[in-house]
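Student: I am new to this structure and would like a close look at a single part of it. Please take me through the sheet, strand by strand.

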Amino acid sequence: MAGMESRSPATPTVGFDLDLTLLDTRPGIKAAFEAFSADVGVPIDADLVVSRLGPPLYQELAHWFPEDRIPEMVKRYREFYGEYAIEPTVPMPGARDAIQAVREAGGRTVVVTAKNEPHAKLHLTHLGMEPDALAGDLWAEGKAAALRAHGATVYVGDHVGDVRGARTAEALSVAVATGPCAPEELRAAGADVVLTDLTDFRPWWEAYVRDLRG
């Protein structure tokens with residue numbers, strides 16, 4: 001990840017979720033699930049899978065396999081991920097600019113995601129998107145420890161689980177309505193700010209930083 005830059009103490013570190021916040025991983029995850037499904041001989045509705053991205057992989061696999069097979073299936077699925085899911089993935093609209101906006105203000109960015117860290121890093125490296133730090137395998141309230149450890153006082157995500165993670169970390173919750181959760185769900189979960197997508201992030205962020213610095 002990118003090296004630490006000098007920054008104003010008045011500029012917060014911003015955390016970002018990965019799937020459907022920074023990256024549109026749906027085409028790649030769909031392809032990976034289709035290949036995985038064919039390999040293990042278990043019918044899986046890949047369109048349904050990508051309609052509810054956010055929670056950890058084991059939670060999704062629990063819809064298709066008995067509990068005692070899930071650890072094995074997690075490992076098997078991940079064997080397909082690098083081959084099928086990296087190349088088709090693209091940044092969400094405004095994602096690159098959102099990271100750049102934080103840097104221009106002297107801030108740092110940290111990606112905190114439920115995706116396993118090696119695959120998250122593969123995605124970011126492939127797309128040339130380098131946050132200052134990355135923490136994987138964390139979901140909902142479990143994201144709070146990494147947000148606190150990196151000093152993130154703003155967390156941006158698309159899922160109510162991201163809102164819960166931000167609130168647990170006592171960070172400002174900025175939600176984008178680009179994932180499976182509607183704006184009203186995000187607000188009801190406690191999001192402080194709800195944006196249509198990350199193309200709205202820069203104007204919100206610049207106003208926020210101006211207010212923060214007085």
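Tutor: In this predicted model, F16 stands opposite V156 in β6. On β4, the residue opposite F16 is V111. F16 belongs to strand β1, which covers residues 13-16. Three bridges connect β1 with β4 (residues 109-112), and the two strands run parallel. Between β1 and β6 there are four bridges, and this pair is parallel as well.

Helix α5, made of residues 95-104, packs on the sheet and touches both β1 and β4. The direction of α5 makes about 165° with that of β1.

Next comes β6, residues 152-157. This strand is mostly covered, with five of its six residues buried, a term that stands for under 20% relative accessible area. Four bridges link β6 to β7 (residues 172-176), again in parallel. One of the residues involved is G157, whose bridge partner in β7 is A175. The path from β6 to β7 includes helix α8, residues 160-168, and the three elements make a right-handed β-α-β unit.

Now the sheet as a whole. Six strands form an open sheet with parallel pairing, in the order β5-β4-β1-β6-β7-β8. The edges are taken by β5 (133-135) and β8 (193-195); each has a single partner strand, so one side of each is left without a neighbour in the sheet. On average, neighbouring strands of this sheet are turned by 20° against each other, direction ignored.

How values were computed
Residues numbered from 1 in each chain as written. Predicted model: local features only at pLDDT ≥ 70, side-chain atom pairs only at ≥ 80, totals over all residues. Heavy atoms only, no water. Pairing = 2+ DSSP bridges. Axes fitted to C-alpha atoms, helices over the stretch in contact; angles between N-to-C directions. Contact = heavy atoms within 4.5 Å. Buried < 20%, exposed > 50% of the residue type's maximum accessible area, 1.4 Å probe, protein only. Right-handed = clockwise from strand over helix to strand, strands pointing away.
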